[in-house]
Amino acid sequence: MEFVPEQGKHVNGDSSTLILPALSIGNVGQLAVDLLVASTRAERIGYLDTPYVLPCVGNDAYGPVPNGELALPLEAYDSSANAMTLIQQRSPVVKGRMVEFAKNLADYVAASGKKHVVVLSSLDFGRWQRVDMSSGLQTLYLSSTNSDGTDDYCEQLGWKKLQEYKPTQKAWKYLSALAEGNAIPESILPFEGELEEEEYYYPSLPSAALFSCLKAKGLKVTCLFCYCSEGDNIPDAFHLAEAACKLLDLSPSNFQGNSNDKWVIPLSWKTLYGPPADMSLF
């Protein structure tokens, strides 16, 4: 993976935190990163070139007006005022190449000197085993701080660890061995057709590959999740973006240029669910 800087731009060495999405249902992680980029007034500093992400191109996503500046599949933004870098991924990983992509990205992140990586993603509401909506949308987490995925600070924030993370389970051990590049013992090699079984669902998610590969490089990794369904996922994006701010002790009211504790809505959201209606017809 190669970082290609914008002309005259460079990675800020003081930005020790990286936030990025893991593609999943409803594109919630990507929407949350959009919200953070727009609200922090983060500056695009370049893009990442990799053969593992499908090519795409679009108009400027953040505005305030579309000026024809091209948006690319994997872009890097820097918010020096908040000491963080953000990566936005706009297209999916080539089928069957997720682990290779995650390893390449982990190599780049480790080489760039990042200390803490926050991965934002969503989970399929239809697979939620213990549904509890008594307190509204819930935040779940997975951390590299302890071997069982727990983190005391996340618990203090009232979040629950992703129960499906079971590092001693065969599927998670198999993913860990792939991430670390170790020889895979026969005892954890999946049988033909076994990868389609329920046990392998959560370890097969992009967030799991990113978590395992970043952890294998010795980086601190925190994954934040919310359960959702396909549809209008803007509330879920706000939820994840707010969770990321809580984790990093940030407040939208303190973001550069903002006031009244308001988020800045990305320009691209105006047509998120299609072009605006022509009101002259009504």
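Contact means that heavy atoms lie within 4.5 Å of each other. The model is predicted: local features need pLDDT of at least 70, side-chain atom pairs count only at pLDDT 80 or more, and totals for chains, interfaces and linings use all residues. Residues are numbered from 1 along each chain as its sequence is written, and side-chain values use heavy atoms, without hydrogens and water.

**Exercise 1.** Determine which helices the buried residues of α4 pack against.

*Solution.* Helices are DSSP runs of H or I with at least four residues, numbered from the N terminus. Buried means under 20% relative accessible area (1.4 Å probe, protein chains only). In α4 (residues 170-180), the buried residues are Lys170, Ala171, Trp172, Tyr174, Leu175, Ala177 and Ala179. These residues pack against α2 (98-111) and α5 (206-216).

**Exercise 2.** Classify the orientation of α4 and α5 as roughly parallel, roughly antiparallel, roughly perpendicular or oblique.

*Solution.* Axes are lines fitted to C-alpha atoms, for helices over the stretch in contact, and angles run from 0 to 180 degrees between N-to-C directions. The two helices pack at an angle of about 50 degrees, with their axes 8 Å apart. Angles under 35 degrees count as roughly parallel, over 145 as roughly antiparallel, 65 to 115 as roughly perpendicular, and the rest as oblique. Therefore α4 and α5 are oblique to each other. On the α4 side, the contact is made by Trp172, Leu175, Ala179 and Glu180; on the α5 side, by Ala208, Ala209, Ser212, Cys213 and Ala216.

**Exercise 3.** Decide whether Gln30 is buried or exposed.

*Solution.* Gln30 lies in helix α1 (residues 28-40). Its relative accessible area is 11%, so Gln30 is buried.

Methods. Buried means under 20% relative accessible area, exposed over 50%, partly exposed in between (1.4 Å probe, protein chains only).
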